[in-house]
Amino acid sequence: MSKDKGRVVVVPCSGIGKPSGSVSREAAYELCESLRPQKTQLVALSKLVLGDAATRETVARTPCVAIDGCQQMCASKMVKKSGGTVIHAVAVLDAFRRHRELKAEGIAELNDAGRKLARVMAEELVETVDALGSSGVDKGATYV
Amino acid sequence: MTAGKFTFRVPEDRLYTAEGIWVLSEGDRPSNRIRVGLTDYLQQHSGDVAFAFVKPSGARLLADETLAEVETIKTLLELPSPIAGTVVKVNPALDLTPEVINRDPYGEGWLATIEPADWGADRAGLLGPREYLSHMQSQVQEELEKP
Amino acid sequence: MSEGPERKVGIIACSGEELAEGTVSRLAALRVLDSLRPHDTVTLCLPLFLAGGPDDRTFALHHPTITVDGCDLRCAAHATEMYSNKPVHSLVVSELVAEQGLRKPGGRRQLNEAGRQAVESTAERLAALVDAVISKETHVSDTARVTGTSERRERGEGSCSCGGKCAV
């Protein structure tokens with residue numbers, strides 16, 4: 001339990017049908033590899049849903065952040081259904097509403113605007129991750 | 001119609017424009033108000049709706065004058081009014097939850113209600129369900145043939 | 001509005017973020033969809049599939065599918081079988097890499113040279129499998145026409161119209 005204290009599991013949807021799925025994936029990588037590698041753990045959604053035991057156990061005891069590509073909210077829904085607690089869910093569409101100049105294009109390879117949108121999303125999530133990290137309890141979390 | 005894994009619904013109880021606006025009379029009389037919205041094909045093709053701005057209540061429009069701007073995560077749509085008339089009501093849900101257009105384009109995702117200026121004349125220029133379906137099939141085919 | 005059965009193959013990639021092989025699966029599927037076999041394939045979104053997306057599951061019920069997984073957990077293959085129907089073929093990137101003696105892919109976020117090569121190899125294999133499936137479907141359909149028997153899939157009657165993919 002102590003090694004997970006202050007850590008957050010990050011689950012992107014990585015949908016393949018729209019650029020916003022790639023944005024969710026890139027945002028997760030930015031957060032987990034560049035911004036807060038010590039405080040986050042990236043988890044593949046399908047691995048969680050299809051019952052990998054170790055993954056389920058990790059998700060059950062660690063607060064989760066879901067990054068959804070579209071309004072279907074697959075990552076949020078399925079993390080909750082798999083026994084996880086989603087302390088914060090962000091959707092690419094909502095991030096786009098705050099940054100209308102960043103229209104993401106491309107699925108296999110995101111355009112500049114898509115990569116920037118992903119970076120902005122990751123930076124916005126840092127606050128949640130840091131707040132949890134400082135005390136192990138997220139006082140300002142949006143529980144979903 | 002179905003293309004690949006996508007299904008595009010075309011209800012038979014309303015009329016359509018070639019641009020992808022549906023038009024539903026709220027009664028049988030020519031003076032009855034007209035409700036309008038985006039077709040299933042148009043909303044799916046355009047992507048997740050981020051913002052929807054509709055001309056306010058009281059606005060007078062000619063047919064083909066811009067009724068609404070719908071901005072999606074992919075594109076900005078300028079939607080022409082299918083008929084001449086006065087905007088009576090704008091869907092209040094569009095302010096906070098414009099994605100209702102994607103979720104229920106023919107029901108809760110309506111855009112506006114219009115008091116028609118000359119329904120008889122404007123009605124004649126609209127497409128019936130089968131005509132619109134045929135037009136939509138051509139649009140889909142064009143999309144598929146794009147490189 | 002159906003115009004007869006369409007011959008399309010659904011591709012489902014695991015897109016697993018934790019391994020480079022997951023990224024390879026994603027990019028290989030997209031390469032086939034966008035460049036190698038754009039008129040013969042449709043990609044199905046695995047998260048939407050898992051969450052209950054009716055379009056994707058229904059498509060997989062009535063059309064042949066090929067899954068592309070990064071590793072031997074085979075998430076895409078299992079999900080497809082669980083929620084729809086058994087895929088016709090199941091590719092696993094790690095197995096293909098071993099089989100072809102390729103270097104292990106690296107860089108889950110940005111693939112290295114070995115990863116890019118794995119994408120090409122996987123995409124080529126995937127395209128060949130699509131061809132095999134389509135060819136078999138054509139043969140079955142032609143045979144049915146010649147013998148006058150009605151074509152029935154194990155999965156159920158197809159009911160789709162013109163073929164194609166539509167950008168969403």
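This is a predicted model: local features need pLDDT of at least 70, side-chain atom pairs count only at pLDDT 80 or more; totals for chains, interfaces and linings use all residues.
Chain C contains 6 helices and 4 strands. Read from the N terminus, the order of these elements is β-α-β-α-α-β-α-β-α-α. Of the 168 residues in chain C, 50% are buried.

Chain B was examined in the same terms. Its secondary structure consists of 5 helices and 11 strands. The C-alpha trace of chain B spans about 45 × 35 × 25 Å along its principal axes. The radius of gyration of chain B is 15 Å, and this agrees with a compact globule, because a globule of 147 residues would have a value near 15 Å. Buried residues account for 46% of the 147 residues of chain B. Of the contacts in chain B with a separation of 6 or more, 62% link residues 24 or more positions apart.

One sheet of chain B was considered in detail. Strands of a sheet pair through backbone hydrogen bonds, and the pairing may be either parallel or antiparallel. In chain B, 3 strands form an open sheet in the order 6-8-9, with antiparallel pairing. Strand 6 (49-54) and strand 9 (76-80) of chain B are the edge strands, each of which pairs on one side only. From one strand to the next, the twist averages 15°. Strand 6 of chain B runs antiparallel to strand 8 (residues 66-72) of chain B, and 5 bridges join the two. Within this pairing, Phe53(B) has Glu69(B), in strand 8 of chain B, as its bridge partner.

Attention then turned to the contact between chain C and chain A. Chain C contributes 26 residues to this contact, and chain A likewise contributes 26 residues. On the side of chain C that touches chain A, the elements giving two or more residues are helix 1 (20-36), helix 2 (46-51) and helix 4 (75-83) of chain C. Sorted by class, that side of chain C comprises 16 nonpolar, 6 polar and 4 charged residues.

The largest nonpolar core holds 130 residues. The members that touch the most other members of this core are Val10(A), Val11(A), Ile67(A), Ile11(C), Val68(C) and Leu126(C). Helix 1 of chain C gives the most to the core, namely 8 residues. When residues up to four places away in sequence are not counted, Val11(A) touches Val43(A), Leu45(A), Leu48(A), Cys64(A), Ala66(A), Ala75(A) and Val79(A).

Gly21(A) lies in helix 1 (residues 19-35) of chain A. Gly21(A) has 28 other C-beta atoms within 10 Å and is therefore classed as buried, since a residue counts as buried if 20 or more such atoms lie within that distance. Leaving out residues up to four places away in sequence, Gly21(A) touches Cys13(A), Ser14(A), Gly15(A), Ile16(A), Gly69(A) and Ile107(A). Gly21(A) and Ile67(A) are separated by 46 residues in sequence, while their C-alpha atoms are 9.2 Å apart in space. Ile67(A) is also one of the residues that touch the most other members of the largest nonpolar core.

Notes: Residues are numbered from 1 along each chain as its sequence is written. Chains are lettered from A and ligands numbered from 1 in the order in which they are written. Two residues are in contact if their C-beta atoms, placed from the backbone, lie within 7 Å. Ala, Val, Leu, Ile, Met, Phe, Trp, Tyr, Cys and Pro count as nonpolar, Asp, Glu, Lys and Arg as charged, and the others, Gly among them, as polar. Two strands pair if DSSP finds at least two bridges between them. Axes are lines fitted to C-alpha atoms, for helices over the stretch in contact, and angles run from 0 to 180 degrees between N-to-C directions. A nonpolar core is a set of buried Ala, Val, Leu, Ile, Met, Phe, Trp, Tyr and Cys residues joined through C-beta atoms within 7 Å. A residue is buried if 20 or more other C-beta atoms lie within 10 Å of its own, exposed if 12 or fewer, and partly exposed in between; C-beta atoms are placed from the backbone. The radius of gyration is taken over C-alpha atoms; the globule rule is 2.2 Å times the number of residues to the power 0.38.
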